Amino acid sequence: IYSEKEMAVLLSSLANRLQAHTSGGEEVEEEVLLALEGLLTSLINQMSTFGTAALTSDNLLKIVDIFSGSRKIKICQEIMEWFRSYKKTSDAVLINTLFDFGRNVHDSLD
């Protein structure tokens, strides 16, 4: 189990590497997307261990934005589902982040 600081370093490193890779207009390979999806699912399942700091991280948002279509929607739905069991919050950054995820899901509906 990772600490909050270790998770922040991991997300930062991943986001920087992905940004460097995609800055030339290159697509992210399918294998990388599958690995990232698994990592994000694991992160979401362990979020209660280290709090919501990872959820409000700009780096997490950058990583989620790498995805598109149904994969991105699935990740957003998993995050929102996890938050349903979370205690009430008045953290404006967390609320804004959840609105972003909710908007992604809403915009996918026809």
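The expected span is 1.5 Å times one less than the number of residues, and helices are DSSP runs (H or I, at least four residues) numbered from the N terminus. The structure is a predicted model, in which local features need pLDDT of at least 70 and side-chain atom pairs count only at pLDDT 80 or more, while totals for chains, interfaces and linings use all residues. Residues are numbered from 1 along each chain as its sequence is written, and side-chain values use heavy atoms, with hydrogens and water left out.

Met7, Leu11, Ala15 and Leu18 are buried (under 20% relative accessible area, with exposed meaning over 50% and partly exposed in between, for a 1.4 Å probe and protein chains only). These four cover an arc of only 70° around the axis, so they sit on the same side of α1; the arc is taken from the directions from the helix axis to the C-beta atoms. On the other side of α1, Lys5, Val9, Arg17 and Ala20 are exposed. Gln19, also in helix α1, counts as partly exposed because its relative accessibility is 44%.

Turning to helix α2 (residues 30–45), Glu37 is found there and counts as buried because its relative accessibility is 11%. Leaving aside neighbours within four places in sequence, Glu37 is in contact (heavy atoms within 4.5 Å) with Phe67, Arg71, Lys74 and Ile75.

Definitions and conventions
Helices (H or I, at least four residues) and strands (E, at least two) are DSSP runs, numbered from the N terminus.
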